[in-house]
Amino acid sequence: MVRVRFAPSPTGSLHIGGARTALFNYVFARKMGGSFILRLDDTDRERSLEEHERGIYDGLRWLGMDWDEGPGKGGTFEPYCQSERMEQHLAAAEKLKSSGGAYTDEEGVLRLRYPETEVIVDDIVNGECVFKTEALGPEPVLLRSNGTPTYHLASVADDVDMKITHIIRGADHLTNTAKHKLIFEALGAPVPKFAHLPLILGPDGAKLSKRNSDCLTSVSEFQSSGYLPQALNNFLMLLGWSHPESKEQLSMQDAIESFELERVGNTAAVFDTNKLNFLNAWWIRNIDLREAADALKEFTGEYREVLDARGEEFWIHAVEKLRDGCSNLRDGEALARLLVSENVGLNADVTEALANDPEFAEHARQIAPVWLETLEDVELDGDRDTLTVEQAKQVTNTAKKASGLKGKALFKPLRAAVSGSLSGPELSALLELTRFDELRRRAKSFVDAAV
RNA sequence: GUCCCCAUCGUCUAGCCUGGUCCAGGACACCGCCCUUUCACGGCGGCGACGGGGGUUCAAAUCCCCCUGGGGACGCCA
């Protein structure tokens with residue numbers, strides 16, 4: 001039975017490297033039909049914050065990684081917070097003391113004893129790594145002078161107690177693993193298998209950190225910046241692992257079905273925002289329509305109320321028509337603005353084109369009055385406040401005939417008249433979704449600007 | 001500084017273990033064309049890499065060594 005754990009310490013927010021570690025553990029556990037355990041490594045009471053603890057839970061849940069055992073969930077090996085496992089840690093310390101695996105130094109702290117001059121870590125992704133113990137630094141402290149256990153002791157003792165079979169963590173732990181292996185052995189416990197994941201590097205080539213201002217690092221930041229959890233998971237999955245058939249768009253299910261620890265690479269990977277963005281756009285387009293509508297709606301900001309007033313069906317229909325143009329959930333706001341705002345002025349790019357592009361200005365001058373006139377001749381059906389699909393098609397055709405313009409010459413200024421912008425969602429959809437009185441208002445102001 | 005790890009297009013990578021099918025395949029980004037009565041989506045195409053040097057071999061991206069480059073670890077933090 002495979003048992004893996006993700007053991008973050010709540011001394012900072014859940015960052016993307018941690019999320020990737022969690023993800024690989026999670027996917028591996030699911031693939032193997034094993035258990036995914038969440039354990040809080042909070043032995044550093046000074047720096048552990050409840051706020052971060054919550055952030056870790058929220059982040060994991062947002063990404064869809066449910067843990068089988070852990071805080072809030074319980075399990076056979078409770079408790080799952082190291083701060084509550086002092087007793088077990090001290091018992092392990094006693095065991096190490098009596099077996100000679102550890103000793104108390106002249107300063108009164110318990111240290112691991114390096115028994116050999118060499119330790120070999122057999123790693124699933126990196127192969128055999130040989131360490132000379134003298135190069136590992138001083139023998140690690142297990143119990144501080146105040147008697148509390150350190151990370152090394154606590155981590156290993158808990159891994160033993162919780163019967164962890166595979167330790168999957170970042171490559172920055174490789175030298176720790178050498179020390180930990182010694183502790184497992186001194187404890188007379190079976191040594192789990194190890195897999196050290198290659199590090200994620202920032203755009204500057206150094207280990208990704210919060211300080212790296214060029215890109216986001218914490219999971220909550222990605223959430224609030226308009227990324228879909230599916231996109232972030234997909235992206236993270238591809239950092240250091242590849243699908244056997246090179247499939248690039250992967251759901252959690254896809255990843256679970258085809259995951260193999262043996263396929264994990266061992267070269268550090270640079271975080272590529274472009275790819276994340278691409279994946280985000282792909283997932284916005286391809287998830288369930290209702291889910292996309294809900295997600296986009298979260299980002300509609302000030303237009304949310306008006307949108308709600310127009311009914312759920314309206315927004316779902318809009319998203320169905322227009323989500324192809326969204327690459328980030330934040331695009332929801334611009335979308336909502338185009339559909340319901342009563343103050344859509346002209347974008348700078350339009351006014352600039354009007355001033356500096358004689359051809360565009362000429363086309364705009366021609367189409368603007370024609371467009372306004374066309375709209376004024378339209379009768380809405382019954383109690384509708386928007387054009388029907390047919391009418392939307394009809395008004396563009398009428399404007400086309402009356403102006404004698406076609407193609408880009410027609411649509412570029414027409415788009416400006418309808419949306420106040422030179423680019424954006426599909427025009428036909430905009431015409432059929434925007435309230436008719438608003439369309440007329442915009443047409444009027446476009447006449448004012450263009451003629 | 002010491003130790004460990006790594007090295008294929010700008011980026012993520014396939015291939016490397018089990019040398020030949022690789023004058024190196026895919027994806028993102030970028031550029032062009034097509035589709036579309038506009039943009040986007042989509043389709044097609046282009047640009048673009050085995051860090052260098054030695055070996056081993058009939059044959060090396062693939063195996064070995066050196067160099068260089070990058071990263072990580074060296075806490076009574078985790």
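## Basis of the description

In this predicted model, local features need pLDDT of at least 70 and side-chain atom pairs count only at pLDDT 80 or more, while totals for chains, interfaces and linings use all residues. Residues are numbered from 1 along each chain as its sequence is written, chains are lettered from A and ligands numbered from 1 in the order in which they are written, and side-chain values use heavy atoms, with hydrogens and water left out.

## Leu236 in helix α7

Leu236 lies in helix α7, which spans residues 229-237; helices are DSSP runs of H or I with at least four residues, numbered from the N terminus. Because its relative accessibility is 0%, Leu236 counts as buried, a term for under 20% relative accessible area with a 1.4 Å probe and protein chains only.

Beyond its neighbours within four places in sequence, Leu236 is in contact (heavy atoms within 4.5 Å) with Ile16, Ala19, Arg20, Leu23 and Phe24. The C-alpha atoms of Leu236 and Glu260, which are 24 residues apart along the chain, are separated by 15 Å.

Leaving aside neighbours within four places in sequence, Gly332 is in contact with Leu296, Phe299, Thr300 and Trp315.

Helix α12 (residues 312-322) packs against α13 at an angle of about 115°, with the axes 12 Å apart; axes are lines fitted to C-alpha atoms, for helices over the stretch in contact, and angles run from 0 to 180 degrees between N-to-C directions. That angle makes α12 roughly perpendicular to α13, the class for 65 to 115 degrees. Where the two helices meet, Phe314, Trp315, Ala318 and Leu322 of α12 face Gly332, Leu335, Ala336, Leu339 and Val340 of α13. The residues of this contact divide into 8 nonpolar, 1 polar and no charged, in a scheme where Ala, Val, Leu, Ile, Met, Phe, Trp, Tyr, Cys and Pro count as nonpolar, Asp, Glu, Lys and Arg as charged, and the others, Gly among them, as polar.

## The nonpolar cores

A nonpolar core is a set of buried Ala, Val, Leu, Ile, Met, Phe, Trp, Tyr and Cys residues joined through side-chain atoms within 4.5 Å. The largest has 109 residues, of which Trp315 and Trp371 touch the most other members. Helix α1 (residues 16-32) gives the most to this core, with 9 residues. Apart from it lies another core, of 31 residues, among them Tyr80, Ala102, Leu110 and Phe184.

Terms used. Buried < 20%, exposed > 50% of the residue type's maximum accessible area, 1.4 Å probe, protein only. Parallel < 35°, antiparallel > 145°, perpendicular 65-115°, else oblique.
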